[in-house]
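Have it open beside you and take the points in order.

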Amino acid sequence: MQKKVVIITGASSGIGRALAEKYASEGWDLVLGARREERLKELQSNLHTRVLALRTDVTRESDCKNLIEKAIEEFGRIDVLINNAGISMRALLKDTDIDVLHRVMNVNFWGTVYCTKYALPHLINSKGLIIGIISVGGYIGLPGRTGYSASKFAVRGFLETLRTENLKTGLHVLIVAPGFTASEIRKSALTANG
């Protein structure tokens, strides 16, 4: 793989951390975003490549805009955006507070939208790649995960449409749907009351 610049959200653990370690081993320049700044700094200190680590809450549009702007300031380009930040839930809808569904949608869907919107012109310019990490729950509704599945269906629809809109720009869009993982997302799933 050629040395490029990759942005990874949700980089402090799980899939995001594994991706950061893989891209670092290939010598890529990394821009890592996550809410847990101490974990980001620890990860940054263990990677032997250029790394910009920024506390980023993807539910905040301003944080996503800042992540993209700082990436451009530091590296001058973006080649890959991996929308990986995510949160799960575990409860039947009849027992679930509506706020839980809002929180899941804000992280999984709106976090992807915000980061993608601000990175889009740079990725079109580099003929880069947008990746959305969804789930099998973005193809088949999972019992006890109504908000989670809905958010992942929404991300899939958003990215499929974005791919179609950019068929002639050179932008690439990839949707990745892992099966069940043993990462922290399962351990930190929201319950019925959040």
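At what angle do helix α1 and helix α2 cross, and within what distance do their axes come?

1. The axes of α1 (residues 14-25) and α2 (residues 37-46) cross at roughly 20° and come within 11 Å. Here helices are DSSP runs of H or I with at least four residues, strands are runs of E with at least two, and both are numbered from the N terminus. Axes are lines fitted to C-alpha atoms, for helices over the stretch in contact, with angles running from 0 to 180 degrees between N-to-C directions. That makes α1 roughly parallel to α2 (angles under 35 degrees count as roughly parallel).

2. A word on the source: this is a predicted model, in which local features need pLDDT of at least 70 and side-chain atom pairs count only at pLDDT 80 or more, while totals for chains, interfaces and linings use all residues. Residues are numbered from 1 along each chain as its sequence is written, and side-chain values use heavy atoms, with hydrogens and water left out.

3. Next, look at α3 (residues 61-75) and α4 (residues 98-126), which pack at about 30° with axes 9 Å apart. These two helices are therefore roughly parallel to each other. The residues making the contact include Leu67, Ile68 and Ile72 of α3 and Tyr114, Tyr118 and His122 of α4.

4. Helix α4 also packs against α5, at an angle of about 20° and with axes 7 Å apart. That makes α4 roughly parallel to α5. Among the residues that meet are Leu101, Val104 and Phe109 in α4, and Tyr148, Val155 and Phe158 in α5.

5. Arg145 deserves a look, in the loop between β5 (129-133) and α5 (146-165). Arg145 is buried (under 20% relative accessible area, with a 1.4 Å probe and protein chains only) yet has no salt bridge, meaning a side-chain nitrogen of Lys or Arg within 4 Å of a carboxyl oxygen of Asp or Glu. The nearest side chain of opposite charge, Asp95, is 13 Å away. Leaving aside neighbours within four places in sequence, Arg145 is in contact with Ser88, Met89, Arg90 and Ala91.

6. Finally, find Lys127 in the loop between α4 and β5. Its phi is near 55°, a positive value in a residue other than glycine. Lys127 is exposed, with a relative accessible area of 53%, exposed being over 50%.

Key
Lys and Arg count as positive and Asp and Glu as negative; His and the chain ends are not counted. Contact means heavy atoms within 4.5 Å. Angles under 35 degrees count as roughly parallel, over 145 as roughly antiparallel, 65 to 115 as roughly perpendicular and the rest as oblique.
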